[in-house]
Amino acid sequence: MAASDEGYQHIEHGFEPVFDQRSRVLVLGSFPSVLSRANAFYYGNPQNRFWRVMAACLGVPVPPNEGDPLAGSEPATLDASIAAKRSMLLNSGVALWDVIESCDIKGSSDASIKNVVPAHVERIAGAAPIEVVVCNGGTAGRLYKRYLQERTGLPAIVLPSTSPANAAWRLERLVERWREAVDWGAL
């Protein structure tokens, strides 16, 4: 392996998109983080603000993360957390996936992504009446435009990343920007 390839791993996405026949908004990230891949679900890093932003935009309670206390004070299992997050999205007409099916990457660094194999977005676009595509961050936006926009026929709204690495955007500012970009209430 060349010195420039040191630390890279070829990673397959590893889990399914979230959508159904009622999904009207498709939210796309770039590629799952190390924690998301370990949990086999989207935005697995509790510091990522995605679930809080989406809940605020949709006007619903924030779904629990694994270990968060539930109504009976029992901690949420990983399965219960994933089920609550899937339910929140599907009940609100939101589909969720990533632009990349597989790539070479160092850890969770979007900046390190190379050798991209794009996701087969037709799986969602062919099964659901998608009207709006939202990209979570600039990397997702650039990759969507390069690999998927022509295949969906829809331009994307590129919004600031909910990643904890995007420290310039406080939670309140993220929620405000995400809310104004899409009429979530019309879903």
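Biologist: Which residues is Asn166 in contact with, leaving aside its neighbours within four places in sequence?

Modeller: Contact here means heavy atoms within 4.5 Å. In this predicted model, Asn166 touches Arg49, Pro160 and Ser161 once the neighbours within four places in sequence are left aside. Asn166 itself belongs to the loop between β7 (156-159) and α6 (171-181).

Biologist: Is Asn166 buried or exposed?

Modeller: A residue counts as buried under 20% relative accessible area. Asn166 has 18%, so Asn166 is buried.

Biologist: How many aromatic pairs does a search of the whole structure find?

Modeller: The search gives 7 aromatic pairs. To read one, take the distance between ring centres and the angle between planes; an angle over 60 degrees counts as edge-to-face, and one under 30 degrees as stacked. Phe41 and Tyr42 have ring centres 5.3 Å apart and planes at 75°, so this pair is edge-to-face. Phe41 and Trp51, by contrast, are stacked, at 6.0 Å centre to centre with 10° between the planes.

Biologist: Which parts does the pair of Phe41 and Trp51 tie together?

Modeller: Phe41 lies in the loop between α1 (34-39) and α2 (50-58), whereas Trp51 lies in helix α2, so the pair links parts 10 residues apart in sequence. Phe41 and Trp51 are both buried; the relative accessible area of Phe41 is 7%, and that of Tyr42, also buried, is 2%.

Biologist: Where does the charged end of Lys114 sit?

Modeller: The charged end of Lys114 is placed over the ring of Tyr8, 4.1 Å from the ring centre. In another case, Arg173 lies over the face of Trp169, at 3.7 Å from the ring centre.

Biologist: How are two packed helices described?

Modeller: One gives the angle between their axes and the distance between the axes. For α2 and helix α3 (residues 78-91), the angle is about 35° and the axes are 11 Å apart. The crossing of α2 and α3 is left-handed.

Biologist: Which residues make the contact?

Modeller: From α2 come Trp51, Met54, Ala55 and Leu58, and from α3 come Lys85, Met88 and Leu89. By class, the contact of α2 with α3 comprises 6 nonpolar residues, 1 charged residue and no polar ones.

How values were computed
Residues numbered from 1 in each chain as written. Predicted model: local features only at pLDDT ≥ 70, side-chain atom pairs only at ≥ 80, totals over all residues. Heavy atoms only, no water. Phe/Tyr/Trp six-rings, centres within 6.5 Å; stacked < 30°, edge-to-face > 60°. Buried < 20%, exposed > 50% of the residue type's maximum accessible area, 1.4 Å probe, protein only. Helix = DSSP H or I, 4+ residues; strand = E, 2+ residues; numbered from the N terminus. Lys NZ or Arg CZ within 6 Å of the ring centre and 35° of its normal. Axes fitted to C-alpha atoms, helices over the stretch in contact; angles between N-to-C directions. Left-handed = near helix turned anticlockwise from the far one by under 90°. Nonpolar A, V, L, I, M, F, W, Y, C, P; charged D, E, K, R; others polar.
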